[in-house]
Amino acid sequence: MTGVDTVTPWPMYIGGVHRMSERVSPVFDPGNGMTVATVPAASSEDALEALAVARMGKDIAANMPTHQRMRILHQTADLIRDRRESFAVLIATESSKTIREARKEVDRCVDTFRLSAEEARRQGGEVIKFDQAPGSENRVGYWQSGPVGVVLAITPFNDPLNLVAHKVGPAIATGNAIIIKPSELTPLSALKLAETLYEAGLPGPILSVLTGLAADIGDLLVQDPGVRMVSFTGGLKTGTHIAHQAGLKKISMELGSNSPVIVLADANLEAAAKASVSGAFWAAGQNCLGVQRIFCEDSIYEEMKERIVQLTGAIRVGDKMDESTDMGPLITEREATRIANWVNEAKSQGAHVLTGGVRKGSYYQPTVLDQVSSGLIVLEEEVFGPVVSLMAVKDLDSAIQQANSVNYGLQAGVFTRDIGKAFDAIKKLQVGGVMINDSSDYRIDAMPFGGVKGSGIGREGVHFAAEAMTEQKVVCFNV
Ligand code: NAD
């Protein structure tokens, strides 16, 4: 897995069966640009076959008893835990994460499968008090939840294992069949996960993984009436396209953001600076929760600036596999170039680069900007790279107003010791989650996770994804 000579062709899976193809899609190591593997470029015929298999798989999934779903999900968690290092090496090879970041993703993935196993047992329903409606005194009954049928999962490059787990775990827990279309940039972790699920006993027809290019199969899969839910994680532009294509089916949209952190004068500045820097540069800023805009009250602005620049300057950028590396490359050189262009545009409009601002191939140095004029792309859009902007604000209201002024709203962080101000921020910030005394980059896999505005529709987090993958059926006896 290290050079062109050792390129391995990987199969994809249709209903648990290996499938190769003449047309392949290369997978690159973003650190050195080398091809590390090839995967099949799924054709429209492959997609149609996967859809037909999934229609069969949905009946197998729906009829599988809860104890069996739980056993498969726990067994998958065990196998991933036992193979932690090989999963981590794979993530760090195909994606831009460092080996230490990759290990954390594997650990979270084990947790996601454990939560999914537990969720399987909680799926149920409740008694309905029919006699609350006059004339219904003789009715008794309940509602029960059942699977939607076939779920299509489309996933991004930045967490190539755990974001797949966040869809496949709840889908199995709720008795659905699932087709996964992983990012063309990082399909290997999803394929290794599928192998693990089959090994844990998942019947083949319940799961297919189609690799290759979205342009070849994306619309066909999304439009298919047999697909009852599209669960998408990715960028706003792609999500908008998919929402238009999907037609009358459930959609869940986990999209991007340009998350704000607000630091008030009474905060613990050391903790605020540390969390903000970690949140801005984790996974080289390629993180939907990543800190992109930091608002500091005027009186502490200079101190925060000094702390943030100092911590950012100490980040070690380099070889992903080196245990001492803090930050790896961007996913492609093209992305690094886009980010350099955005920073150059900000500079040309008067922004100061306090540290960083240098690109070398697919690497971009952790970068801190200040004096960024409002309306610039580095503030308005999602950078999805290692660039953070600092802004001085006169008070909390002004910070909230600027934080809310963009078309995204995933999570926000607020640092303060004043409980009244914390509740004011919680009430007014237009986001899916407010972290008090943490940066926006805080998540556990059990919490509801998702955004408002351009950051998406619906919530993931195992219980919430499971709920979205079910329909309620009412049962009523007229006695
Ligand atoms: P992307 O939108 O470019 O691609 C995401 C997936 O969509 C890929 O698998 C891609 O192949 C597929 N796709 C593209 N066009 C398609 C089409 N027409 N039909 C079907 N599928 C299609 O996103 P990316 O660059 O891989 O990931 C980065 C984005 O994901 C960022 O915006 C980031 O914020 C977001 N993200 C959000 C969350 C969240 O939970 N909210 C988590 C991680 C990443």
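**Serine 116**

I looked up serine 116 and found that it is buried, with a relative accessible area of 0%, where buried means under 20% relative accessible area, exposed over 50% and partly exposed in between, with a 1.4 Å probe and protein chains only. I noted that this is a predicted model, in which local features need pLDDT of at least 70, side-chain atom pairs count only at pLDDT 80 or more, and totals for chains, interfaces and linings use all residues. Residues are numbered from 1 along each chain as its sequence is written, and side-chain values use heavy atoms, with hydrogens and water left out.

I placed serine 116 in helix α4; helices (H or I, at least four residues) and strands (E, at least two) are DSSP runs, numbered from the N terminus. Leaving aside residues up to four places away in sequence, serine 116 touches Leu73, Gly169, Pro170, Ala173 and Val462, a contact being heavy atoms within 4.5 Å. Its side chain reaches the backbone oxygen of threonine 112 at 2.8 Å. I also checked glycine 461, which is 345 residues apart from serine 116 along the chain, and the C-alpha atoms of the two are separated by 9.6 Å.

**The two domains**

I read the chain as divided into domain 1 (8-255 + 456-478) and domain 2 (259-444), with bounds that come from an automatic or database domain assignment. Taken over C-alpha atoms, the centres of domain 1 and domain 2 are 31 Å apart.

Between them, domain 1 and domain 2 bury about 2,200 Å², 54% of it on carbon and sulfur atoms; buried area is the accessible area (1.4 Å probe) that two parts lose on being put together, summed over both. Ser96, Arg100 and Glu101 supply 24% of the area that domain 1 buries against domain 2, more than any other three residues.

I then turned to the pairs across this interface, where the rule finds 3 salt bridges, each being a side-chain nitrogen of Lys or Arg within 4 Å of a carboxyl oxygen of Asp or Glu. The rule also finds 14 residue pairs in polar contact across the interface, both residues at pLDDT 80 or more; a polar contact is a pair of N or O atoms within 3.5 Å, and within protein one must be able to donate a hydrogen and the other to accept it, while residues adjacent in sequence count only if both atoms are side-chain atoms. On the side of domain 1 that touches domain 2, α3 (84-94), α4 (99-122) and α5 (162-173) each supply at least two residues, and α4 gives the most, with 6 residues.

I followed α9 over residues 269-281 and found 13 residues reaching 18 Å from the first C-alpha to the last, close to the 18 Å expected at 1.5 Å a residue, the expected span being 1.5 Å times one less than the number of residues. Among the buried residues of α9 I listed Leu269, Val277 and Phe281, and what covers the buried residues includes β13 (259-263) and α10 (298-313).

Just after α9, alanine 283 takes a positive phi of about 55°. Alanine 284, in the loop between α9 and β14, has a positive phi of about 55° although it is not a glycine, and alanine 284 counts as buried because its relative accessibility is 0%.
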